[in-house]
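Subject: A structure for you to explore

Hello,

Here is the structure I promised to pass on to you. Please open it beside this email and follow along as you read.

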Amino acid sequence: MADVFSILSANYKTVGMSVPSKTPYVPVDPKLYQGDWTGKYANNKSFKISVSNITGFRAKVHYQSGSTNKYADVLIRDNAFRIGDLKFMVTKEGTAVIKNVVTDPATGGTMLDTAYAKQSK
């Protein structure tokens, strides 16, 4: 029975991150997103997000942190996009907030890791 509750808890946290938006997709200003974004999580683990090939509201993204590499074609809406369990949102020019759902391999529990990234063009 505990497994059922842990699954429900994990999905509740994941779904809570994805609040549906009623705004349409519109072309974005490429200079707000284009380039490399770097930062560190609270545990001092660094990450890098490279955003390229922005056309309208579409972009190509590469996320790298430690041995984790993720590549994705993303859609940008409401100043944000998602790549896997990670949400990237531009808060002001040159600054973004990163929210990453991390699963503890030992317990199976999840936590939300938040960090800030700075843009280098």
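Which residues does Val51 touch, not counting residues up to four places away in sequence? They are Tyr33, Gln34, Gly35, Trp37, Ala59, Lys60, Val61 and Phe81, where contact means heavy atoms within 4.5 Å.

Before we go on, a word on how to read the model. It is a predicted model, in which local features need pLDDT of at least 70, side-chain atom pairs count only at pLDDT 80 or more, and totals for chains, interfaces and linings use all residues. Residues are numbered from 1 along each chain as its sequence is written, and side-chain values use heavy atoms, with hydrogens and water left out.

**The overall plan**

The protein contains 1 helix and 8 strands. Both kinds of element are DSSP runs numbered from the N terminus: helices are H or I with at least four residues, and strands are E with at least two. Starting at the N terminus, the order is α-β-β-β-β-β-β-β-β.

The 8 strands make an open sheet with antiparallel pairing, in the order β4-β3-β2-β1-β8-β7-β6-β5. Two strands count as paired if DSSP finds at least two bridges between them. At the edges stand β4 and β5; each has a single partner strand, so one side of each is left without a neighbour in the sheet. From one strand to the next, the twist averages 25 degrees. For such angles, axes are lines fitted to C-alpha atoms (for helices over the stretch in contact), and the angles run from 0 to 180 degrees between N-to-C directions.

As you look at the sheet, keep one general point in mind. In a regular strand, side chains alternate between the two faces of the sheet.

**Strand by strand**

Let's pick out some of the pairings. β2 and strand β3 (residues 58-65) are antiparallel and share 6 bridges, and here Ser52 stands opposite Lys60 in β3.

Further along, strand β6 (residues 86-92) and strand β7 (residues 95-103) run antiparallel, joined by 6 bridges. Lys92 has Thr95 in β7 as its bridge partner. These strands form a hairpin with 2 residues between them, and Gly94 in the turn has a positive phi of about 85 degrees.

β7 also pairs with strand β8 (residues 110-120), in the antiparallel sense, over 9 bridges. Lys99 finds its bridge partner in β8 at Thr114. The hairpin of β7 and β8 has 6 residues between the strands, and Gly108 in this hairpin takes a positive phi near 80 degrees.

Which residues other than glycine have a positive phi? Asn44 is one of them, at about 75 degrees, and Asn79 is another, near 65 degrees. Asn44 sits in the loop between β1 (35-40) and β2 (46-55), while Asn79 lies in the loop between β4 (68-75) and β5 (80-83). Asn44 is exposed, with a relative accessible area of 54%, and Asn79 is partly exposed at 42%. The cut-offs are under 20% relative accessible area for buried, over 50% for exposed and partly exposed in between, with a 1.4 Å probe and protein chains only.

**Inside the protein**

Of the 121 residues in the protein, 31% are buried. What does the largest nonpolar core hold? It has 22 residues, and those with the most contacts inside it are Ile49, Val51 and Phe88. A nonpolar core here is a set of buried Ala, Val, Leu, Ile, Met, Phe, Trp, Tyr and Cys residues joined through side-chain atoms within 4.5 Å. At least two residues come from each of β2, β3, β5, β6, β7 and β8, and β2 gives the most, with 4 residues.

There are also 4 aromatic pairs. Rings of Phe, Tyr and Trp (its six-membered ring) pair if their centres lie within 6.5 Å; planes under 30 degrees apart are stacked, over 60 edge-to-face, and the rest tilted. Tyr41 and Phe47 form a tilted pair, 4.8 Å centre to centre with 40 degrees between the planes, and both are buried. Phe81 and Phe88 are stacked, 4.6 Å centre to centre with 20 degrees between the planes. Phe81 is buried at 2% relative accessibility, and Phe88 is buried at 0%. Together with Trp37, Phe81 and Phe88 form one aromatic cluster.

Enjoy exploring!
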